[in-house]
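Subject: Structure for your review

Dear colleague,

Please find below the structure that I am handing over to you. My notes on what was found in it follow directly after.

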Amino acid sequence: MLGGLANLEQYDAPLAPDKPIHAIAVRLYNTQTHQWSISWSPSGTGEFGVPTVGSFEAGVGMFYAHEEYNGRPIIVRFIWTHGDNDHCRWEQAFSADDGRTWEANWVMAFTRAK
């Protein structure tokens, strides 16, 4: 979308452990800052959360946001990595101590469909 400066993801995980997850993510590239922003909206909320913002360097994408989780301030980190043209990995982690330690809480491995 927008000549490669944006993309839209529809995410459906009907068998997620706690409850089904249905959401969209919008990713937008800022040509001035050379950073991507990723905004996520779960079904039924009618709004986007705080975007994670970051960039790719040496094939690794690092994205951060300051949010609140269960009433406490945290930093959210997304890491995108790829092993080859057919595989990539996404990890979400939270830090409650200003980035000194991280707790990974969601990991997804992707394989390109044949």
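How many bridges join strand β5 to strand β6, and do the two run parallel or antiparallel? Nine bridges link β5 (residues 60-69) with β6 (residues 72-84), and the two strands run antiparallel. Within this pair, H66 is found opposite I75 of β6. Please bear in mind throughout that this is a predicted model.

The sheet

β5 and β6 belong to an open sheet of eight strands, arranged in the order β1-β2-β3-β4-β5-β6-β7-β8 with antiparallel pairing. At its edges are β1 (6-13) and β8 (103-111), each of which pairs on one side only. On average, and with direction ignored, neighbouring strands of the sheet are turned by 20° against each other. As background, the strands of a sheet pair through backbone hydrogen bonds, in either a parallel or an antiparallel manner.

Strand β2 covers residues 21-30. Eight bridges join β2 to β3 (residues 35-42), and these strands run antiparallel. Y29 has W36 in β3 as its bridge partner. Together β2 and β3 make a hairpin with four residues between them, and H34 in the turn shows a positive phi of about 60°. On to the next pair: β3 is joined to β4 (residues 52-57) by three bridges, again in an antiparallel arrangement. Here S37 has V53 in β4 as its bridge partner.

Two loop residues

Two further positions deserve a note on their backbone angles. A58, in the loop between β4 and β5, has a phi near 55°, which is a positive value in a residue other than glycine. A58 has a relative accessible area of 83% and therefore counts as exposed, the cut-off being over 50%. N70, in the loop between β5 and β6, is likewise not a glycine, yet has a positive phi of about 50°. N70 is also classed as exposed, because its relative accessibility is 68%.

A nonpolar surface patch

Which residues form a nonpolar patch on the surface? They are M1, L2, L5, L8, I24, L28 and F48, which together have about 680 Å² of accessible area. One of them, L28, is located in strand β2. L28 counts as partly exposed because its relative accessibility is 41%, and partly exposed covers the range between the buried limit of under 20% and the exposed limit of over 50%.

With kind regards

Note on methods: Residues are numbered from 1 along each chain as its sequence is written. This is a predicted model: local features need pLDDT of at least 70, side-chain atom pairs count only at pLDDT 80 or more; totals for chains, interfaces and linings use all residues. Side-chain values use heavy atoms; hydrogens and water are left out. Patches are made of residues with over 30% relative accessible area and no salt bridge: like charges are joined within 9 Å, nonpolar side chains (Val, Leu, Ile, Met, Phe, Trp, Tyr) within 5 Å. Accessible areas come from the Shrake-Rupley method with a 1.4 Å probe; for residues, only the protein chains shown count as cover. A salt bridge is a side-chain nitrogen of Lys or Arg within 4 Å of a carboxyl oxygen of Asp or Glu. Buried means under 20% relative accessible area, exposed over 50%, partly exposed in between (1.4 Å probe, protein chains only). Two strands pair if DSSP finds at least two bridges between them. Axes are lines fitted to C-alpha atoms, for helices over the stretch in contact, and angles run from 0 to 180 degrees between N-to-C directions.
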